[in-house]
Amino acid sequence: MKKLLLCMMFAPTMASAQAISQEDMDAMMAAAAQMQACLQNVDQGAIKQLEQEQKVFMQKVKGVCAQGKRDDAQDMAMKYAKDVMKSPELVKIRECTESVKMPESMKGMMPDMSVKTMEKELSKHHVCDDI
């Protein structure tokens, strides 16, 4: 999970590495260290438990979709997503990403994990089309 977040955070930057100043590179490395230190406080067991719960939930949603109850499935998925985003471990991860000090030239490269943004993104897709 930590490595995935770090890759997401820095992938766009690595593609254009020639344009990065040494100062920005140093700041980026400091941000990565800050992120890693913060993420060490995330309970990996709780994350694994969330992953298992998600698998079970997605099977339920598949069943509802298979019954042709698309609106019910979408409502279930949105409620579940809102509940999961409030889980203590995901809140910690969100706080870690929000607290990282990125160089000004790299603002916007960190994914926005705010609840509002996540809800907006989820509402753009129908769960029955994505499973």
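Buried residues, defined as those with under 20% relative accessible area, as against exposed residues at over 50% and partly exposed residues in between (1.4 Å probe, protein chains only), make up 31% of the 131 residues in the protein chain. The structure is a predicted model, in which local features need pLDDT of at least 70 and side-chain atom pairs count only at pLDDT 80 or more, whereas totals for chains, interfaces and linings use all residues. Residues are numbered from 1 along each chain as its sequence is written, and side-chain values use heavy atoms, with hydrogens and water left out.

The secondary structure of the protein chain comprises 7 helices and 0 strands, where helices (H or I, at least four residues) and strands (E, at least two) are DSSP runs numbered from the N terminus. The order of elements from the N terminus is accordingly written α-α-α-α-α-α-α. With contact taken as heavy atoms within 4.5 Å, 74% of the contacts between residues at least 6 apart in sequence join residues at least 24 apart. Leu39 belongs to helix α2 (residues 22-39) and, with a relative accessibility of 2%, is buried.

Two packed helices are described by the angle between their axes and the distance between the axes. For α4 and helix α6 (residues 115-123), the packing angle is about 160° and the axes are 11 Å apart, the axes being lines fitted to C-alpha atoms, for helices over the stretch in contact, and the angles running from 0 to 180 degrees between N-to-C directions. Angles under 35 degrees count as roughly parallel, over 145 as roughly antiparallel, 65 to 115 as roughly perpendicular and the rest as oblique, and α4 and α6 are therefore roughly antiparallel to each other. Their crossing is right-handed, a term used where the near helix is turned clockwise from the far one by less than a right angle, left-handed being used where the turn is anticlockwise. On the α4 side the contact is made by Gln74, Met78, Ala81, Lys82 and Met85, and on the α6 side by Val115, Met118, Glu119, Leu122 and Ser123. Classified by residue type, the contact of α4 with α6 contains 6 nonpolar, 2 polar and 2 charged residues, with Ala, Val, Leu, Ile, Met, Phe, Trp, Tyr, Cys and Pro counted as nonpolar, Asp, Glu, Lys and Arg as charged, and the others, Gly among them, as polar.

A search of the whole structure finds 3 salt bridges, each defined by a side-chain nitrogen of Lys or Arg within 4 Å of a carboxyl oxygen of Asp or Glu. In one of them, Asp129 pairs with Arg70, with the closest N and O atoms 3.1 Å apart. This pair links distant parts of the chain, as Asp129 lies in helix α7 (residues 127-130) and Arg70 in helix α4 (residues 70-85), 59 residues apart. Asp129 is exposed at 52% relative accessibility, while Arg70 is partly exposed at 35%.

Within helix α4, Lys79 and Asp83 are 4 residues apart, about one turn of the helix, and form a salt bridge whose closest N and O atoms are 2.9 Å apart. Lys79 is exposed, with a relative accessible area of 52%, whereas Asp83 is partly exposed at 40%. A further salt bridge joins the side chains of Glu89 and Lys92 at 3.4 Å, N to O; these residues are 3 apart in helix α5 (residues 88-99) and are therefore separated by about one helical turn. Glu89 is buried, with a relative accessible area of 10%, and Lys92 is partly exposed at 32%.
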